[in-house]
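Hi,

Here is the structure I promised to pass on. Have a look at it first, and then read my notes below.

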Amino acid sequence: MNPGETPTTESNVLHLRDYMRVLSERRAVVFACLALVVAFTALFTFLAPPEYRATTTLQIERQGPDILSFKDIMGMDPQGYMDFYQTQYKILQSRTVLRLAVERLDLTNRPEYASRKGSPLGRLIDWTRERLGGSPDAETLDPMLGAIRFMEGGLTIEPVRNSKLVKVSFADRDRVLAADAANAVAEAFQQFNTDARFTTTSQAREFLTKQVARMQSEIAAQERTLQQYATNKEILALSDGAQDISEKALGDLNTRYVEARGRLAIAKARYDAVAKGSPDSIPEVLTSPVIGELKKQYADIAREHDQMAERFKPDWPPLQQLQEELDGAAERLMTETDSLAEQVRSVARADYNRTRSEVSNLEAQVNGQKLEVQRVGRDAIEYSSLKAEIETKRKILNDILSRQSETETSSALKDTRATNLRIVDAAEVPRRPSKPNKPLNLLLSIIFGLGLGAGAALLFDYLDNTVKHEMDIQRHGQVATLGSVPLYQPLRVVPGGEGVSEVPATSQYDADVACHSDSRSSFAEAFKSLRTSFLLASPERPPRHIVVTSCEPLDGKSTVSTNLAIALTQLGRRVVMVDADLRRPRLQKVFGLPNDSGLSSFLSGNATAEEILQETAIPKLSVITSGPIPPNPSELLASPAMEALMRALEALAPFDHVFYDSPPLLHMADAVLLANRMDATIVVVREGRTIHQSLASGIKRLKQSRARILGAVLNAVVEKGGAYYYYRYRYEQHGEGSVAEGGKRRSGILPGRRRRSKSA
């Protein structure tokens with residue numbers, strides 16, 4: 001892993017231990033919330049008046065006792081199980097039931113209630129309303145309304161799961177009143193249920209009585225109408241078979257009519273046959289004996305004539321006489337045939353006319369009978385309709401009379417108090433108060449206080465966007481952390497004392513040289529650990545030219561760079577400190593050196609490296625101060641003279657490390673210009689001051705300039721329980737000398753008072 005890269009470990013992921021660390025760091029917030037919640041809870045718990053709760057257990061059945069076999073007026077819907085019980089619970093809390101309970105208790109006249117005063121806020125509102133001339137409160141005008149509201153406030157309805165039981169509880173400061181109120185509500189609910197049931201029954205009975213009278217009157221009127229209709233239609237004896245007689249007569253006539261039509265067709269065919277045919281083709285002529293005799297005579301005469309004609313001439317007198325007889329016979333045959341045919345035609349015509357008249361007569365009768373059948377049908381339908389309506393109303397009347405009788409019987413049950421409600425357990429006077437539950441309240445206050453404190457601590461930690469630990473650097477800066485430096489706290493030896501006394505620093509620059517002046521302090525030990533990380537950060541060799549910068553001013557970059565340089569000199573390394581902050585230089589004040597000539601003098605060509613290099617009181621540590629503040633610091637730092645200085649220092653003496661104390665990253669480009677040329681860059685981050693965005697922006701600028709970021713240093717770490725360890729030293733007098741005893745102590749449990757240094 002290269003320096004400056006974020007380690008791909010679990011440090012970038014929030015774990016439960018991160019939340020525990022936040023709670024540990026902000027335990028003051030947690031304890032403050034816990035103390036406040038417990039204090040307020042205890043105050044209200046021990047000052048609150050005791051409250052007693054009495055409970056009455058009711059059994060609510062969906063149907064009342066089946067004393068009678070018929071169904072009552074107020075029946076239950078078998079489908080609405082849940083709706084029924086929810087309705088009963090609401091009725092229990094209704095103003096009507098509570099008014100009945102108040103009347104049973106005579107609550108407005110009971111001393112336990114009448115002697116009470118309202119709440120201070122309520123009395124203040126009433127007093128203000130009276131002074132302003134407003135209308136009086138409704139409770140003042142109607143004391144019953146105030147009593148009902150009092151009952152509403154103390155009443156609790158609690159159904160017992162998987163049962164038909166419900167607990168009616170009442171809470172009040174007076175134990176006797178609480179028990180009486182709970183029982184009064186249950187009894188009032190019973191009374192309301194009974195009254196509602198039998199009031200409905202009574203109303204139904206009155207309604208049914210009116211309906212019976214109305215139905216009887218309507219039936220009588222319709223019977224008169226039926227009788228009048230039968231009289232008008234002359235159907236005094238209309239029965240179920242009357243319509244059948246008319247239809248039978250119509251059938252008989254229709255049969256005769258069909259038969260007559262058949263005979264008419266035969267007669268017509270007969271008449272047409274004899275009228276249009278020749279007389280010889282008429283069957284009566286063919287079968288007539290007279291015609292047959294005449295035909296025989298004619299045949300005999302004709303045969304005799306033919307025989308004689310064969311022997312004699314036509315003019316022979318006997319033959320002529322025979323011819324005359326033959327002609328006479330033919331004439332008689334023709335005459336007789338025509339006469340007989342005419343007779344047959346006359347008979348056929350007469351039969352045809354008679355049959356046709358019969359058919360016409362029957363057709364008229366059939367049509368008339370059809371009209372009669374239709375009339376009878378219409379009258380029968382109307383008659384039957386009137387009769388059916390009367391029968392229907394008679395049936396309804398019978399049902400109403402039966403229901404009226406049942407309702408009257410049901411009303412008689414009112415005195416038995418039969419209902420679907422039953423008091424299983426009446427409320428008894430409670431012995432112990434139900435509120436306040438002091439142990440439970442205190443336990444809940446502790447739980448709530450801890451939860452509130454934890455939430456507040458996590459919220460404050462979330463709102464605090466400053467860097468608080470090394471994981472923030474890795475998470476937001478995406479760089480490795482070289483080490484942490486605690487907040488500077490100088491230690492002084494107190495002769496003859498039992499331990500180490502912490503006294504304020506004598507100079508505002510003591511923190512900058514603490515590794516030299518107080519090398520056995522935890523502050524110096526932190527820089528020794530940082531020195532180790534610095535030396536091991538590079539795989540080949542430690543970097544020579546190092547820029548030490550920060551994201552914002554007052555992050556302690558000068559303190560970190562100076563003490564790290566001192567810590568390196570303690571290993572025998574030669575180190576040069578270069579004050580590259582040409583805007584607000586500081587190293588000349590830390591080491592007490594003149595600043596007439598320095599870095600700006602060399603960069604501007606007014607001095608050489610030997611002239612600006614100054615030795616300090618610390619062995620192996622040299623310093624190049626800033627020199628006079630130039631008007632163009634960025635141009636000087638970006639000039640080739642800066643690289644000339646680096647070469648000059650390498651040629652001047654065998655220095656192991658050169659530290660450049662540069663300006664902050666976010667306010668000017670000086671640090672970026674220096675970091676681009678140096679071997680490594682160290683970014684100083686101050687705990688509780690450097691914000692996440694500033695850290696991310698500063699690291700981003702360094703990476704864009706292709707600077708080699710060695711890592712970051714977390715500065716001014718405040719001692720927190722379990723977060724950091726450091727060495728504390730205690731001196732004991734043993735003769736003339738002193739022996740330093742070191743012990744590893746956890747931060748947050750050290751004796752003495754901590755004081756933040758201005759320069760740290």
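Predicted model: local features only at pLDDT ≥ 70, side-chain atom pairs only at ≥ 80, totals over all residues.

Is Gly453 buried or exposed? Its relative accessible area is 0%, so Gly453 is buried. Setting aside the neighbours within four places in sequence, Gly453 is in contact with Val29, Val30 and Cys33.

If you want to see who touches whom, Tyr19, Val22 and Leu23 come from helix 1, and they meet Ala454, Ala457, Leu458 and Asp461 in helix 14. Sorted by class, this contact has six nonpolar residues, one charged residue and no polar ones.

Helix 17 (residues 522-536) and helix 18 (residues 557-569) cross at roughly 75 degrees, and their axes come within 9 Å. These two are therefore roughly perpendicular to each other. On the helix 17 side you'll find Phe523, Phe527, Leu530, Arg531, Phe534 and Leu535. They meet Thr559, Val560, Asn563, Leu564, Ala567 and Leu568 in helix 18. In this contact, nine residues are nonpolar, two are polar and one is charged.

In what order do its four strands lie? The order is 2-3-1-4, in an open sheet with antiparallel pairing. Strand 2 (155-159) and strand 4 (421-425) are the edge strands, as each pairs on one side only. From one strand to the next, the twist averages 30 degrees. Strand 1 (residues 52-60) pairs with strand 4 in the antiparallel sense, over four bridges. To see a bridge up close, go to Leu58, whose bridge partner in strand 4 is Ile423. Helix 8 (residues 143-154) packs on this sheet, where it touches strand 2 and strand 3 (165-172). The direction of helix 8 makes about 115 degrees with that of strand 3.

One more residue is worth a click: Thr355, in helix 13 (residues 317-411). Why does Thr355 count as buried? Its relative accessibility is 2%, and the cut-off for buried is under 20%. Apart from neighbours within four places in sequence, Thr355 is in contact with Ala260, Arg263, Leu264 and Ala267.

Finally, zoom out to the whole chain. The protein chain has 25 helices and 16 strands. Of its 760 residues, 41% count as buried. The accessible surface comes to about 41,700 Å², and carbon and sulfur atoms account for 53% of that. Take the contacts between residues at least 6 apart in sequence: 80% of them join residues at least 24 apart.

Cheers

Definitions and conventions. Residues numbered from 1 in each chain as written. Heavy atoms only, no water. Contact = heavy atoms within 4.5 Å. Nonpolar A, V, L, I, M, F, W, Y, C, P; charged D, E, K, R; others polar. Buried < 20%, exposed > 50% of the residue type's maximum accessible area, 1.4 Å probe, protein only. Areas by Shrake-Rupley, 256 points an atom, 1.4 Å probe, with all protein chains shown as cover. Pairing = 2+ DSSP bridges. Axes fitted to C-alpha atoms, helices over the stretch in contact; angles between N-to-C directions. Parallel < 35°, antiparallel > 145°, perpendicular 65-115°, else oblique.
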